[in-house]
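Biologist: I would like to go through some of the labels on this model. Please set each value against its definition.

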Amino acid sequence: MEKDTPINELLQKPIVAINIGVQDFAEALQDQGVRVVNVTWSPPAGGDAEMLAILEKLL
Amino acid sequence: MTISIKEKIEAANAEAFNRINAAEPVLVDIVPAGDVVPGLEDRMVLHAGPPVDWKHMSGAQQGAVMAMAMFEGWADSHGQAGQLLDRGEIKLDSNHHHHAVGPMAGTITRSLPVYVVENRTFGNRAYCRLVEDRQQFGDYSQDAIAELYNWRDAWAPALALGVRHMEGLALKPIIAKALQMGDELHNRPNAASAIFAGAMAAPMIGAGVGKDDLTSTLNYMTGHDLLFLGLSMACAKSAADAACGIEYSTVVTAMARNGKEFGIQVSGLDGQWFTAPAPEVDGLYLPGYGEGDAGLDMGDSAITETVGWGGFILAGAPSILNLVGGTPEEALAYSREMREITVGLSPDYLIPALGFQGTAVGIDIRKVVQTGILPIIDTAMAHKDPGHPIIGAGLVRAPMECFHQALRSFAARYATE
Amino acid sequence: MLTESIVLPNRYLDSVFLMRVAKRLAGEPGIIQAAVVMATPKNLQVLADAGYAGVDTLGASVNDLVVSLQAETREGARAVLDSMDDWLQRDSGPVGATMVRTLDQALNAQPASNLAVVSVPGEFAAGEARSALESGLNVFLFSDNVSIEDELSLKEMAREKGLIVMGPDCGTSIIGGAGIGFANVVRRGPIGVIGASGTGIQEVTTLVHRWGSGISHAIGIGGRDLSDAIGGISALQAIDALEADPATSVIVLLSKPPGKKTRSLIDERIAQCSKPVVTCYLGILEAQPAGNGSATYTRNLDAAASAAVKLAGGDTGADGVETQETVSTDSASVDSVSIERALLMPGQRYIRGVFAGGTLCYQAQQIIRDAGLTVRSNEPLEKGMKLEDSRRSTGHALVDMGADEFTRGYPHPMVDSSQRAERIIAEANDRQVAVLLLDIILGYSASADPAGELAPAIRQAKRLAEQRGGHLTVAASICGSPGDPQGLETQTERLRDAGAIVFSTGLKAAQFATAVVSGRDA
């Protein structure tokens, strides 16, 4: 077992997080003093079904 | 084996991207628009943005059109000009229908001299009028029109002599240098203006421009920070036009606003406009003006963003970071964001603040719709009513509705199998 | 209105910057308009035209800066002008937040990131998780509805990079003391937890805390990790990591029974582990030995927590009695069972559970089943025991209100109790119901007052039974620690005030419920 895999590092060092999705999770981490950047995520095409159907074909 | 539509689009967009990057813009002349701009008729005023009729035109653009009627001698006063326009005796058309662009109201008529920029790679030409801070914002006062006369009678002819004397001035090197000197070539073309003024001085002398006109022209050039915007717009237009009409391409070839509507054009849907109501500009005001005075977004100058300059490279223009809240990090965030919606990075136009990476080039309507990231444009602000000079500057995002419409039309035309 | 101006000689500042200063000055009380410009003849003319009186007589020249204010009072204007140097310092206004919309932007803003917490809708989750792995981030994948194929490819990719995917459908992890997702405030200590379910981890970590020990790390792996389709990729990585972790001396593994192939893989790995490993495969039918080498087998969460605390050198008392520094929440005495039984009417015989925590629901089914009763659920121990209609209980029935069918389009019951409150009333309307079994889960990201949200429904449910001349026993467990934001004591009090009998573990509540109905099932 190597000691220096990213998982092992994750357990030894403070968490530095990127939150993608539910903003509450970012706030909870912040409340615990964890460094976190929150990604304001929105679904592709803002969830517009017509646009998504077109993008499905074109992108 | 059939090529999928996605592959066709990727190939077409790569072609559009390459054509924009391959542009070699050269200033070849400065002559009255009537001599060179195709389809520009007598008693016709070309204007910025998608086509709009007199009745529906924004206040500032109406003011600028009336000023042009006075400039051309079709009317003695703005009132008289307004009557001619009311009666439909002056034709109106979009600059973009004539390979032309103009800042703010963007008005061009036959006797107004325009920069003639030739894209040497493809042989196409683009035209742009001078940039000033009164008439193009809708100011029809005598002072405002007097500057156009100076341009027509002294400055443009003197510059034209210089340009012809040196048999054209290559603009790509000036732009590349200016980008590394803190310009973004839209709201901040100061370095390019200075380089251009320097480049023109000796040729004008060499061409034998008379002392009075020479002095006047040099004073005009050296005192005019936004001088080069007219040229950067013409360069951008000459590059974007070369990328028009590529079947299957989803790359944006024009973004233009008339103070009422924001319009875009797309390479694979040549000639069509996709429009939405022009957005409000989030801006800073000059003395004497404030919130409530501003008209909606206006001008063809977003052609600079169309090829990856202006708002796309705010990070490279430290002195106008205040438009975005003040910190380099924020400006960098905008520039990085634009990479998400473009085909690739320019190999030639490099930004020191981005680690000398290239500008983001080739707005892809698919990516805009998918990511929800809208092109960011920096711009000047005109008054909502006719008769005022520049009132401020700010930032604006292109409206999503234009991109939805374009994508819908694109799918209707190409995604039929 | 009056105009006050000053000239700052030989001061050049960019016009856009000056416009921004002007905008801020105009926001000062008593200032009507402000102009800050370089004193070019043109600018001075513009000011004069705009009604800034007297600017043309200031004697300012091209290289000077002019500040001109239209103000209500001279004093107000002077106060601002006197501090002009401060105003012209670098913009101190609030920096407009640039929205971070993509992982790339976030990484640029915070290059030291080592973990992505992903909770976007399932159809997009795998894509975001993949990008995060590609960027070298470990992933906490809260999202559910991720396909098993995506899960496998994500975990294989992670393993190759030495990263871990916690999830999908991972509710809880605690890494280095930081709770991710739904997590409780627990002491740091020697016990490392690996869990296929969020509430399982929450129950065990809070029990470890209450029993005086602490948690090194708790690593969620997602509900399907130990299925043969995935083969325990994350579980095995977690065992490796906790074995290598100097802060961990005992490892706990919580899951439903693993797939057959995976079970032997895991058992082999545990046998080789240099640290003791406590397993709890909830719902397992076959008998297990008490231990085998470094392995200790337990059958429920309380036993797992208790065994771990003992292995770590702690003392949980005879059977998991709380140590002095923790709060006691158990309110049931030996007599309580008989008191409750005496109040029930003939015909009241069923347990109805309305759960927020899936694992607590699952464990309670195991308790009831092991007592020889038939219990149904929307998330049953065995397929044959599935409720025909999840929205209508029959017989002994425990409903996991956090299951997909209830949360599609609605908030999870750990966040919002309204669906649970409705279900409680629905159960109370059934005259055969004897015991209502509930769980309350505290911690980060959970509802700020779950007990308060359920209390009115509990009261009304009891009243409904009483109006029929009977009684309703309400047994509720609280999963939480004294440090949780909701307050363990307050929540306990709220439940008691509403008439619930409160237990410190889900196991005890389920055992109590079973005891109350035992022998009534006929």
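Biologist: In which helix of chain C does C:E405 lie?

Modeller: C:E405 is in helix α14, residues 404-407. A helix here is a DSSP run of H or I with at least four residues, a strand a run of E with at least two, numbered from the N terminus. This is a predicted model, where local features need pLDDT of at least 70, side-chain atom pairs count only at pLDDT 80 or more, and totals for chains, interfaces and linings use all residues. Residues are numbered from 1 along each chain as its sequence is written, chains are lettered from A and ligands numbered from 1 in the order written, and side-chain values use heavy atoms, without hydrogens and water.

Biologist: Why is C:E405 called partly exposed?

Modeller: Its relative accessibility is 32%. Buried means under 20% relative accessible area, exposed over 50%, and partly exposed in between, with a 1.4 Å probe and protein chains only. C:E405 therefore counts as partly exposed.

Biologist: Why is C:L25 called buried?

Modeller: C:L25, in helix α1 (residues 15-26) of chain C, has 0% relative accessibility, so it counts as buried.

Biologist: What makes B:M104 and B:F356 stand out in phi?

Modeller: Most residues other than glycine have a negative phi. B:M104 is not a glycine, yet its phi is positive, about 50 degrees. B:F356, also not a glycine, has a positive phi of about 60 degrees.

Biologist: Why is B:M104 called buried and B:F356 partly exposed?

Modeller: B:M104 has a relative accessible area of 5%, so it is buried. B:F356 has 47%, so it is partly exposed.
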